[in-house]
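Dear colleague,

I am passing on the structure we spoke about, and below it you will find my notes on what turned up in it. Please read them beside the coordinates.

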Amino acid sequence: NADIYTEYPAQTYARDMVDVRGRVEGYIEKWLFRPGQQVQAGQPLYVLDLRPFEAQVQQAQGNLKQSEADLDFARRQVSLRQAEANLAAAQSNLVKAQQDYDRLKPLVEQDAAAKQDLDAAVASLRSAEASVRANQATVEQTRLTTETQVQSTGGKVNAQRGALETAQLNLQYGTIRAPISGLIGDTLVPVGGLVTPGAAQPLTTIVPLDPIWVRFKVSEAQFLALK
């Protein structure tokens, strides 16, 4: 059987076309391709003004370092240790005041010491007891405050780590790359133009040429004849 050849007017086209859009807002500083050029997936196409994104990264890094330092300070429990040291000193004073009272009481009863010395010892003993109670309360309050501060600062550190990751991601998005390989069209936003993530108009389009499709029309009579 001889092969059958027929000519038809046709149009070639790519089935898939991808719009190139920005993920962050900024002004285009560099345009890195030529219209009609074959580009590869991941190839840089536009570079936005990166200074605002770099500043956000630096600010997020500074905030994170400060919070990490605050968390380290809270975990060391410096205030709690100081309060515990004050309590230990108060307890030591109480022991001494109790010893002075215990020494003077029998002497006064035997008229071997002045009554006013015992009164002074009693006053010192009561004062030392009050000081111990006050320092015990301070230790408990400081312990609770320290635990709350550790939890609160730990949460802040986690939040600021997330903020830093977001800022670093936005900095990466400041360089707009080709999502796929293919033939790229003309830019629809020039250098100096504003890129916005929600813009209706894409920056450009990329058309993959492999595979390529052909569209043509055949009349019903020709179709039946070919069959």
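**The largest pocket**

The largest pocket is lined by Asp19, Val20, Arg21, Gly22, Arg23, Gln172, Tyr173, Thr175, Ile176, Arg177 and Pro179. The elements that contribute two or more residues to this lining are strand E2 (18–20), helix H3 and strand E6 (175–177), and E6 gives the most, with 3 residues. Sorted by class, the lining holds 4 nonpolar, 3 polar and 4 charged residues, where Ala, Val, Leu, Ile, Met, Phe, Trp, Tyr, Cys and Pro count as nonpolar, Asp, Glu, Lys and Arg as charged, and the others, Gly among them, as polar. The volume of the largest pocket is about 220 Å³.

For the terms: on a 1 Å grid over the protein atoms alone, a pocket is an open set of points where a 1.4 Å probe fits, with protein on both sides within 12 Å along at least five of seven lines, and lining residues have an atom within 4 Å of a point. Grid points are joined across faces, edges and corners, and the volume is the space filled by probe spheres set on the points.

**How the model should be read**

This is a predicted model, in which local features need pLDDT of at least 70 and side-chain atom pairs count only at pLDDT 80 or more, while totals for chains, interfaces and linings use all residues. Residues are numbered from 1 along each chain as its sequence is written, and side-chain values use heavy atoms, with hydrogens and water left out. Helices (H or I, at least four residues) and strands (E, at least two) are DSSP runs, numbered from the N terminus.

**Helix H1 and what covers it**

Helix H1 (residues 51–76) has 26 residues and reaches 38 Å from its first C-alpha to its last, close to the 38 Å expected at 1.5 Å a residue; that expected span is 1.5 Å times one less than the number of residues. Its buried residues are Phe53, Val57, Ala60, Leu64, Ser67, Leu71 and Ala74, with buried meaning under 20% relative accessible area, exposed over 50% and partly exposed in between (1.4 Å probe, protein chains only). Helix H3 (115–173) is included in what covers these buried residues.

Ser67 of H1 is buried at 4% relative accessibility, and, not counting residues up to four places away in sequence, Ser67 touches Thr153, Lys156, Val157 and Gln160, contact being heavy atoms within 4.5 Å. Asp70, also found in H1, is partly exposed at 32%. Just after H1, Gln77 takes a positive phi of about 55°.

On helix H3, Glu165 is exposed, with a relative accessible area of 54%, and Glu165 and Val57 are 108 residues apart in sequence but 8.5 Å apart in space, C-alpha to C-alpha. Asp111, in the loop between helix H2 (78–109) and H3, has a positive phi of about 60° although it is not a glycine, and Asp111 is exposed at 70%.

**Aromatic pairs**

Rings of Phe, Tyr and Trp (its six-membered ring) pair if their centres lie within 6.5 Å, and planes under 30 degrees apart count as stacked, over 60 as edge-to-face and the rest as tilted. By this rule the count comes to 3 aromatic pairs.

The rings of Tyr8 and Phe216 are stacked, because their centres are 5.5 Å apart and their planes stand at 25°. Tyr8 lies in the segment before strand E1 (10–13) and Phe216 in strand E10 (residues 213–216), so this pair ties together parts that are 208 residues apart in sequence. Both are partly exposed, Tyr8 with a relative accessible area of 23% and Phe216 with 44%.

Phe33 and Tyr46 form an edge-to-face pair, 5.4 Å centre to centre and with 85° between the planes. Since Phe33 lies in the loop between strand E3 (26–31) and strand E4 (38–39) and Tyr46 in strand E5 (residues 44–48), the pair ties together parts that are 13 residues apart in sequence. Phe33 is buried at 5% relative accessibility, and Tyr46 is buried at 0%. Ring pairs link Trp31, Phe33 and Tyr46 into a cluster.

With best wishes
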